[in-house]
Amino acid sequence: MTDLVTRVAQSLHDKWCEQMREKGFYGSTDPIGGYTLHDKFHSGLIPWPDLPESRRQEYLATAKAVLPEIVGEVFDSCIIAVCESCYAGHSPNKNGLHILVRAGYRSERIRCTAQAIRALRDRHLEELKK
Ligand SMILES: [Zn+2]
């Protein structure tokens, strides 16, 4: 997950650079001829490894802030895709069983088929908190 946080942070920086270039900015590492006299210089338009540590930490903090939301959403989509009971909005108990009570019938215990995905989600979200 650390790799994912770093990759997302780098992507955020790359996207920011792309948007700045579209707005007519250039950086110190842009090739001569890649910009016009009308373009404006911006010192932040440099490759990820050249960024000051403080700037890299800001991107990493942003990535860490948004990733739990995204990761949780993706895993939750997988959970409801593989388990009908989860899809129906029933949560399994701590033993991974859905206890379905139907009027006039005995309760029915169904093993949640998304337990492995749920465990994976929880592990990843826990790692993202570190
Ligand atoms: Zn389930």
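Mentor: A residue is buried if 20 or more other C-beta atoms lie within 10 Å of its own, and exposed if 12 or fewer do. The model discussed here is predicted.

Trainee: Which residues of α2 are buried?

Mentor: In α2, Tyr59, Ala63 and Ile79 are the buried residues.

Trainee: Why does glutamate 22 count as exposed?

Mentor: Glutamate 22, which belongs to helix α1 (residues 2-22), has 8 C-beta neighbours inside 10 Å. The limit for exposed is 12 or fewer, and glutamate 22 therefore counts as exposed.

Trainee: What makes α2 roughly antiparallel to α4?

Mentor: Helix α2 (residues 53-82) packs with helix α4 (residues 115-129) at an angle of about 175°, and their axes are 9 Å apart. Angles over 145 degrees count as roughly antiparallel, so α2 is roughly antiparallel to α4.

Trainee: Which residues make the contact, and how do they divide by class?

Mentor: From α2 the contributors include Leu67, Pro68, Phe75 and Ile79, and from α4 they include Ile117, Arg121 and Leu128. By class, the contact has eleven nonpolar, two polar and three charged residues.

Trainee: How does the reach of α2 compare with the expected value?

Mentor: From first C-alpha to last, the 30 residues of α2 reach 42 Å, close to the 44 Å expected at 1.5 Å a residue.

Trainee: Where in α2 does the kink lie?

Mentor: The kink, of about 35°, lies at leucine 67, shortly before proline 68.

Methods. Residues numbered from 1 in each chain as written. Predicted model: local features only at pLDDT ≥ 70, side-chain atom pairs only at ≥ 80, totals over all residues. Axes fitted to C-alpha atoms, helices over the stretch in contact; angles between N-to-C directions. Helix = DSSP H or I, 4+ residues; strand = E, 2+ residues; numbered from the N terminus. Parallel < 35°, antiparallel > 145°, perpendicular 65-115°, else oblique. Contact = placed C-beta atoms within 7 Å. Nonpolar A, V, L, I, M, F, W, Y, C, P; charged D, E, K, R; others polar. Expected span 1.5 Å × (residues − 1). Bend = angle between axes of the 7 residues up to and from the residue.
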